[in-house]
Every structure is written in structure tokens, then in C-alpha cells.
Amino acid sequence: MPTQVDIKSLEGAIPWLEGLKQYVQDHLIMQTGAMSLTKNQGDLYFGGVDSAQLVYNKHNRYVDTVIASYRDIAHALDAAVKATESIVKNYKDAEHNNTLNVQAVEKAFNEGSQGGSGTGTSTTAVTSPAQDGSF
């Protein structure tokens with residue numbers, strides 16, 4: 001069974017991937033970044049704890065790690081957008097080239113059959129370079 005490609009679905013995936021990437025960048029990264037604590041906030045929230053500075057520094061490292069993960073996700077989504085666009089373009093180019101090839105073959109058969117030979121084909125002489133090395 002030949003492989004079938006639903007090119008419309010692939011084309012539809014591009015804006016979806018772009019929208020998801022935009023959401024990660026505009027919302028998840030920004031909102032997670034707002035969770036970072038300053039020294040004053042750390043003192044306010046954890047001031048009674050003996051190791052308050054260590055706790056809020058660890059919190060900030062976790063926040064930074066999550067943001068880095070979201071950035072990696074956004075980068076991967078961007079790569080997926082570009083790859084999907086390339087697949088769609090290459091598929092359409094291949095389909096276009098196949099259509100042109102079919103048209104060229106049909107034209108050749110039509111011209112050959114109208115040439116009066118009755119066979120529907122035409123022959124072309126192929127010359128090779130001279131034996132003495134001249135072209």
C-alpha cells in the first residue's frame with residue numbers, strides 16, 4: 001500500500017506549533033520568571049529560618065531551571081515549525097515536479113503519435129565523442 005500524506009494536516013500543524021511556541025515564550029517563561037525572589041523577598045518569606053538565604057537561592061535556581069527548560073521547549077517547537085514547513089514545501093515541490101513530468105511525457109507521446117510514424121514514439125540520434133579525443 002503506498003504511503004499517503006495529508007498535506008493539509010501538515011500545513012495546519014504549522015500555526016498550531018507556532019502558537020504553542022508563542023504561548024511558552026509569552027506566558028510560561030514570563031510568569032515563571034515572576035516567581036524569582038529578590039533578597040528582600042527572601043528575607044520576608046524565609047527570614048525566620050536559619051538558612052533563609054540558602055532556601056531562597058535554591059528556590060531561584062529551581063525557577064531558573066524551569067525557565068531554561070521552557071526556552072529549550074520553545075527552541076524545539078521552532079525547529080519543529082521549520083522542519084514541518086520544509087516537509088510541506090518539499091512535498092509540494094515534488095508533486096509539482098511529478099505533474100510537470102507527467103505533462104512532458106504526455107506531450108512527447110502526443111507529438112510522437114502526430115508525427116506520422118504510427119508508433120507513437122520518436123527516436124533521437126545520440127552522438128558520442130570522436131575516437132581521437134575531440135568533441
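Q: Where is Asn60 found?
A: Asn60 sits in helix 3, residues 52-114; helices here are DSSP runs of H or I, at least four residues, numbered from the N terminus. Mind that this is a predicted model, where local features need pLDDT of at least 70, side-chain atom pairs count only at pLDDT 80 or more, and totals for chains, interfaces and linings use all residues. Residues are numbered from 1 along each chain as its sequence is written, and side-chain values use heavy atoms, with hydrogens and water left out.

Q: Is Asn60 buried or exposed?
A: Buried means under 20% relative accessible area, exposed over 50%, and partly exposed in between (1.4 Å probe, protein chains only). Asn60 has 14% relative accessibility, so it counts as buried.

Q: What is Asn60 in contact with, leaving aside its neighbours within four places in sequence?
A: Contact means heavy atoms within 4.5 Å. With those neighbours set aside, Asn60 is in contact with Ser36 and Leu37.

Q: And which residues is Val88 in contact with, on that basis?
A: Val88 also lies in helix 3 and is buried, at 8% relative accessible area. Leaving aside neighbours within four places in sequence, Val88 is in contact with Ile7, Leu10, Glu11 and Ile14. The C-alpha atoms of Val88 and Glu11 are separated by 6.7 Å, though the two are 77 residues apart along the chain.

Q: What should helix 1 span?
A: The expected span is 1.5 Å times one less than the number of residues. Helix 1 (residues 7-33) has 27 residues, so it should span 39 Å; the end C-alpha atoms are 38 Å apart, which agrees.

Definitions and conventions
Helices (H or I, at least four residues) and strands (E, at least two) are DSSP runs, numbered from the N terminus.
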